[in-house]
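Me: I would like to go through the labels used for this model, one by one. Please set each value against its cut-off.

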Amino acid sequence: MGHPDNPLLPMPATIQKIIPETPDVNTFRVTLDDPEAQAAWHHEPGQLAMLSAFGVGEAMFSISSAPTRKGYLEFSVKRMGHVTSALHQLAPGASIGLRGPYGNHFPYGKMRGKDLLFIGGGFALAPLRSLIDFVLDPAHRGDYGHVDIIYGARSSGDLCFKRDLFENWPQAEGTTVYTTIDVAEEQWSGHVGFVPAYVEEVAPSGESRVALVCGPPVMIKFTLQALDKLGFADDQVYSTLELRMKCGIGKCGRCNIGSTFVCLEGPVFTMAQIKALPPEF
Ligand SMILES: Cc1cc2nc3c(=O)[nH]c(=O)nc-3n(C[C@H](O)[C@H](O)[C@H](O)COP(=O)(O)OP(=O)(O)OC[C@H]3O[C@@H](n4cnc5c(N)ncnc54)[C@H](O)[C@@H]3O)c2cc1C
Ligand code: FES
């Protein structure tokens, strides 16, 4: 759904709440100004939207809230450059532009009856959070087996979604959360070490389980090797490709890998699909 007259035109939206996650990541809770557009909005876990800071520009963000959370959308934005810094300067009540949703989504229908293993690193937990909250929602929880979440960040201060990690998700039925940080800290009594090594230590079996991986490229690379050792086949592993998607609707030609347009065919791919892409990825 974009603007009714032009899919490239952002719809006016308002920031309702800003939740600080880390020193440079904030979660923005946003509603569309037109109540009919807000009520009609539908996205799937893994989809994206463009947010615009007026007078500065727009950028693509994963929708970090689940579609089961009605009435608002959440975006977890890391301060990087022009647009993200402008968004970070706004306060609740500020107007922004929003267009989307874009991209495909995690095929949760195909995952029914299976155990799920979420593996996230840094602020890239954002798109996985949408699916985690979707499968843990009482309306869907019965469709999936055990849910394991392995998540790491550089330091305890860099862990995103702390309320979910330490309160909401561990309390959910049939769910285990494993958190780790890269380097030991005096106040941290949890696990220390990189995510891929922790995956091998937790050692979830690849039998009847789907893995969903999102994080920095180096984390993904070594996590895939760990999953391979644990017996996960490439078509049991999903990830999202964070490329320079600009228009989101196949018009600008910024996101293609060979003849594959990430915005039209992705951003969610199986590892089997990613390995079949040309080596420029
Ligand atoms: C599919 C997809 C999903 C995404 N999901 C998310 C998400 O959920 N959350 C999120 O936070 N981001 C996400 N991103 C990334 C986000 O879109 C980019 O961070 C954003 O486009 C950056 O926009 P910007 O205008 O703030 O940065 P730009 O101004 O375009 O800057 C980009 C880069 O240049 C560097 N830079 C900018 N100005 C300077 C300067 N003066 N000196 C030195 N370096 C500088 C920045 O550090 C940054 O590395 C996603 C991207 C894609 C493609
Ligand atoms: S983002 Fe413009 S063509 Fe894909």
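Me: Why is Arg-112 called partly exposed?
Reply: Its relative accessible area is 47%. Buried means under 20%, exposed over 50%, and partly exposed lies in between (1.4 Å probe, protein chains only). Therefore Arg-112 is partly exposed. A note on the basis: this is a predicted model, where local features need pLDDT of at least 70, side-chain atom pairs count only at pLDDT 80 or more, and totals for chains, interfaces and linings use all residues. Residues are numbered from 1 along each chain as its sequence is written, and side-chain values use heavy atoms, without hydrogens and water.

Me: What makes Asp-143 and Arg-112 a salt bridge?
Reply: Their N to O distance is 3.5 Å. A salt bridge needs a side-chain nitrogen of Lys or Arg within 4 Å of a carboxyl oxygen of Asp or Glu, so the pair qualifies.

Me: What makes Arg-69 and Asp-133 a salt bridge?
Reply: The closest N and O atoms are 3.8 Å apart. The pair links distant parts of the chain, 64 residues apart.

Me: Is Asp-133 buried or exposed?
Reply: Asp-133 counts as buried, because its relative accessibility is 6%. Arg-69, at 37%, counts as partly exposed.

Me: Why is Arg-129 called buried?
Reply: Its relative accessible area is 9%, so Arg-129 is buried. Asp-164 counts as buried too, at 6%. The side chains of Arg-129 and Asp-164 meet in a salt bridge at 2.9 Å, N to O.

Me: How many salt bridges does the structure hold?
Reply: The structure holds eleven.

Technical notes
Chains are lettered from A and ligands numbered from 1 in the order in which they are written. Helices (H or I, at least four residues) and strands (E, at least two) are DSSP runs, numbered from the N terminus.
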